Amino acid sequence: MKAIVCRELGPPSVLRLEDLPEPELGPGQARVRIKAAGINFPDILTVQGSYQHKPALPFIAGVETAGEVLEVAADVKTVSPGDRVMMSIRPGGYAEQAVADAAILLPTPQPFDDVTAAAFMTAYATAYHCLLMRGQLQAGEWVLINGATGGVGLAAVEIAKLHGARIIATGGDDGKLEVVREYGADHVINYRQGEFRDQVKAITGGKGVNLVYDPVGGDVFDQSLRCLAWHGRLLVVGFTSGRIPQLSVNYALIKGLSIIGCRAGEFRRHDPEAGRMMQQDLLRLANDGKLHPHVSHVLPFEQTIEAMQLVLDRKVVGKVVVTMG
C-alpha cells in the first residue's frame, strides 16, 4: 500500500510517499480501505513535533479518515466487509489501508459521501465538546467564535446556531466570512481590519459576549478577553496564530471570568462513555441532515503535502481533504 511517511520532524515537505507492506489483521480488528482523509492543523503540528501527541519515528501521518471495511477478524461482529465507516487512527490516516480496532469505527452518516465524512468528526466533536460540554452554552447567549472560517470554527458556528446562540464570528478574509454568514453567524468581523472590541460591544448593546470560542490564540485571544461580559467564559481551543497568549489573572478576577481549556480527544480517552454519547448525538444530527461539513479543496492523495500547505497558508474554508484511488 502507499502511505505518507514521516521519518524526520519538520514542515510538511519532510513527508514522503512510500510503498509499505499491508498491515496485519489481529483479533478484534478490521481492515479498512481508506478512500478519503481530512487535513487537520494538529496533523501539521505532529509532523513538526510541536503537538501534545508525539508518535515515535517513523510514522504514517494523518488521523481522520473515511472508507470501506475490507475484512474483519473472526471475533468481530460490529462491522462487516462493505460497510462504509469513519475512523480516527493515530497515527496512520494518510494511507491506502489501515488496520484498527473495530470498536473505533463509526458508521458513515447516510447523507455524507466519503469526502464529507473525512471532514466531519474531528471538527464537529471539538465544537460540540467545547461549546456544549465545557462552555455550557445556553440558548440566547452571545458567543464570539474566532477563526470561524477554519474547520473547527465553521463547525462551531453550525453547532452554536443549532443550540440557539447569537453568534459573532471573526476571520481574516471577507470572502470566507460570507460562507460563515451562510452557516448561521448573525454578525461577522474581519479581525485583520483592526481591533474588534468596540464592534462586539456595539453589537451586544455594550454588555459583551457570554462565551468566547478561541482556536486562534495570540492577539485575537488578547482582544477577546476585552469582549467578555461579566462572568463570561473563554474557551481555549488552540493556537493557530502560532503565539500562546499570556493572561494577567487579575483581569479574570475583576470580571469574574472563567478560562476553560478544551481537548475533545483527550476527553474521550478519559471518559469513553461520555465520548460515545457525544459521537452518537453528532451522528444523529448528521443523519437528520442538520450538519454540513464544508470542504473547500479536494486533492489527490499524492498531493498531501500541498494540501497541508493550503492549511498553513490560510487558503482553506472549512476543511481540505485528500482522496485515495
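This is a predicted model: local features need pLDDT of at least 70, side-chain atom pairs count only at pLDDT 80 or more; totals for chains, interfaces and linings use all residues.

Trainee: Why is helix 1 called roughly perpendicular to helix 11?

Mentor: Helix 1 (residues 41–48) and helix 11 (residues 304–312) pack at an angle of about 110°. The range for roughly perpendicular is 65 to 115 degrees, so helix 1 counts as roughly perpendicular to helix 11. Their axes are 10 Å apart.

Trainee: What makes the contact there, and which kinds of residue take part?

Mentor: Helix 1 brings Phe41, Asp43, Ile44 and Val47, while helix 11 brings Met308, Val311 and Leu312. That gives six nonpolar, no polar and one charged. Asp counts as charged, and Asp43 is in the contact.

Trainee: What about helix 3 and helix 10: why are they called roughly perpendicular?

Mentor: Helix 3 (residues 121–134) and helix 10 (residues 272–287) pack at about 115°, with axes 10 Å apart. The roughly perpendicular range is 65 to 115 degrees, so the label applies to helix 3 and helix 10. The crossing of helix 3 past helix 10 is right-handed.

Trainee: Which residues meet there?

Mentor: On helix 3, they include Tyr124, Tyr128 and His129; on helix 10, Gln279, Asp281 and Leu282 are among them. The contact divides into eight nonpolar, two polar and one charged.

Trainee: And how do you know what kind of lining the second largest pocket has?

Mentor: Its lining residues divide into eight nonpolar, two polar and no charged. Gly and Gln count as polar, and the lining includes Gly92 and Gln97. Strand 7 (residues 97–101) gives the largest share, three residues. The volume of the second largest pocket is about 150 Å³.

How values were computed:
Residues are numbered from 1 along each chain as its sequence is written. Side-chain values use heavy atoms; hydrogens and water are left out. Axes are lines fitted to C-alpha atoms, for helices over the stretch in contact, and angles run from 0 to 180 degrees between N-to-C directions. Helices (H or I, at least four residues) and strands (E, at least two) are DSSP runs, numbered from the N terminus. Angles under 35 degrees count as roughly parallel, over 145 as roughly antiparallel, 65 to 115 as roughly perpendicular and the rest as oblique. Contact means heavy atoms within 4.5 Å. A crossing is left-handed if the near helix is turned anticlockwise from the far one by less than a right angle, and right-handed if clockwise. On a 1 Å grid over the protein atoms alone, a cavity is a set of points where a 1.4 Å probe fits but cannot get out, and a pocket is an open set with protein on both sides within 12 Å along at least five of seven lines; lining residues have an atom within 4 Å of a point. Grid points are joined across faces, edges and corners, and a volume is the space filled by probe spheres set on the points.
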